[in-house]
Amino acid sequence: MAGRIRDDAIRGIRERASLVEVVSDAVALRRRGRSFVGLCPFHAEKTPSFTVSEERGFFHCFGCGEHGDVFSFVMRVESLPFPDAVRRVAARFGIPVPEDEGGSRPRGEPLVTVNAAAAAFFQAELAGPAGARARAYLAERGVGEGAVRRFGLGYAPASGEALGRHLRAKGFPVEDCLTAGLLLRRDRPGAGTGLLDRFRDRLMFPISDAGGRIVAFGGRVLPGRPTAGDPPPKYLNSPESPLFRKGHTLYGLSQARDAIRQTGRAIVVEGYLDLIALAEAGVAETVAPLGTALTVEQLRTLRRFTERVIACFDGDAAGRRAAARSFPVFVEAGLWGQGAFLPAGEDPDSYVRAHGAAALERCLAGAVPLVDAYVTELAGPDAAAVGRRAEAAREVARILKKVRNPFEHDVLARLAAARLGVREEVLRSEGAVEPPAPVPAASGARGPEALLVELMAADPSGGGHRGVPASGVARDRGGDRRGGGHGRARGARPVAAARAPRPRRGPAPRRRSSRAGESRAGVRGLRGRDPPAARERRAAPPAGGDPCRRGARRRDGGPHRPAAVAGVHGQDAHLRSKGVAVDRTDA
């Protein structure tokens with residue numbers, strides 16, 4: 001029974017583990033200087049902002065802010081609690097994990113162990129006398145011994161109890177076998193309650209995650225199997241478990257990961273045997289969904305390794321429709337997607353065995369953007385079907401809103417407008433990319449920069465304040481800043497404030513605030529580096545009198561002020577309303 005992992009063991013594992021190697025299981029990294037960069041696995045992005053520092057032992061995404069060490073990454077990617085993540089990293093690098101007595105077992109670790117034991121059992125059965133039919137079928141499909149070993153193929157006996165007996169004899173708890181989906185509880189009338197193997201008389205395909213752990217199985221019925229009643233499904237997969245989520249997992253990804261990085265592309269085929277056939281032909285960068293159409297999450301997983309994804313389809317009408325249906329899924333995953341269309345009646349397995357790897361490469365080289373099939377399918381064959389084309393235009397506009405790449409957005413809009421016979425301007429207007437949700441303004445006190453921006457917005461004339469310290473606030477006698485926000489960094493020099501344009505005039509009566517000492521200090525901060533001659537020119541009265549009719553009165557009896565001066569004093573009032581002390585000793 002597992003217990004608490006000691007702190008010194010955790011530190012040792014963190015120091016000995018390679019963060020770059022662990023992250024590379026999920027992200028295609030490229031060296032940049034002393035660090036590595038790649039597309040963030042935690043949010044959709046086009047430009048790499050995910051940085052990994054092997055020297056410092058941490059990762060950080062400048063796009064979404066996710067950061068942490070090797071354990072944090074494993075916890076986030078594989079949805080594991082901290083103790084399981086520590087054990088996962090330690091097992092990856094062959095590091096022992098000393099633990100204190102007591103505690104509970106990790107949830108995922110026993111399922112990995114029981115799946116590995118089941119895979120070894122299936123492989124032994126395939127090599128033994130019971131696997132003769134399965135071996136003959138593999139030879140008929142052109143699957144060699146190397147592929148059998150590489151992909152860990154096996155055979156599930158037909159008895160229905162062989163695996164259950166084997167796992168119980170090995171000491172695995174029945175609950176773990178049930179949770180992993182290897183056994184079923186049966187309840188037949190007159191036969192009581194017992195356990196039954198889920199997979200019976202099937203060719204077995206272990207399903208691994210990106211790190212190579214066996215998380216589930218897929219089983220194919222062998223030809224010629226006698227059946228009673230309804231025929232069984234051709235393919236059967238393990239149920240979902242704490243280790244396995246069908247819509248997030250791709251078959252063959254652990255074997256294809258390095259090839260995808262090297263070639264810069266990923267090939268998607270439909271079936272397990274299609275994938276093995278292409279891998280045997282040298283196209284190792286191939287993956288497959290688990291018996292269903294591609295999902296957004298599966299494509300997002302692929303996008304961590306490459307943005308060039310080519311999906312193989314039949315060349316008949318059904319294959320074209322399948323390609324058209326896949327395009328919106330690619331767009332939602334942040335991919336454009338390409339389609340390689342095989343001759344009608346061919347699948348990747350039969351095509352590569354009949355025509356060879358060179359012919360397959362030519363077919364892949366001729367892959368076309370899925371947007372072509374999508375728009376053609378939406379338009380339909382009848383050019384006069386106004387209602388169908390209007391509905392198609394609305395669907396294209398809906399997709400356009402999700403295409404944030406400006407070049408891809410332009411291509412889709414022009415192509416759809418030409419095929420559907422609608423005005424491109426209308427399509428672009430209806431399909432404009434939705435702006436991201438606005439970030440809520442930070443609450444709390446505002447800093448001096450925010451006050452300055454608000455002041456400039458209140459008076460567009462651009463008037464400034466010569467009597468306000470550069471930080472936008474004044475100190476009281478206790479040393480605290482007034483007006484809210486953060487003060488100037490210690491030792492920083494004050495920045496000279498902009499002066500409001502105003503006419504020259506003679507000396508005016510000096511006005512002092514209630515905190516004259518502090519205000520004079522703020523003014524000296526602004527003037528501290530003025531040359532003495534400049535200060536003397538400011539203090540001297542202008543020659544030739546005052547062009548602003550110094551001493552003139554307004555109709556209401558108040559002193560006359562030029563427009564620029566009035567604007568400055570209006571700004572003073574705005575600052576005082578915010579709690580900022582203002583002193584215009586030179587006004």
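**Close-up A. The hairpin of S3 and S4.** Gly57 takes a positive phi near 75° in this hairpin, which has 4 residues between its strands. Strands (E, at least two residues) and helices (H or I, at least four) are DSSP runs, numbered from the N terminus. S3 and strand S4 (residues 58-61) run antiparallel and are joined by 4 bridges. Two strands count as paired if DSSP finds at least two bridges between them. Ser53 stands opposite Phe58 in S4. The model is predicted: local features need pLDDT of at least 70, side-chain atom pairs count only at pLDDT 80 or more, and totals for chains, interfaces and linings use all residues. Residues are numbered from 1 along each chain as its sequence is written, and side-chain values use heavy atoms, without hydrogens or water.

**Close-up B. S3 with strand S2.** Strand S2 (residues 35-38) pairs with S3 in the antiparallel sense over 3 bridges. Phe36 has Val52 in S3 as its bridge partner.

**Close-up C. The two faces of S3.** In a regular strand, side chains alternate between the two faces of the sheet. Strand S3 (residues 50-53) is covered on both faces. Phe50 and Val52 are buried on one side, Thr51 and Ser53 on the other. Buried means under 20% relative accessible area (1.4 Å probe, protein chains only).

**Close-up D. The largest nonpolar core.** This core has 64 residues. Leu153, Phe217, Tyr251 and Ile276 have the most contacts inside it. Helix H5 (residues 109-127) gives the largest share, 8 residues. A nonpolar core is a set of buried Ala, Val, Leu, Ile, Met, Phe, Trp, Tyr and Cys residues joined through side-chain atoms within 4.5 Å.

Key: Buried < 20%, exposed > 50% of the residue type's maximum accessible area, 1.4 Å probe, protein only.
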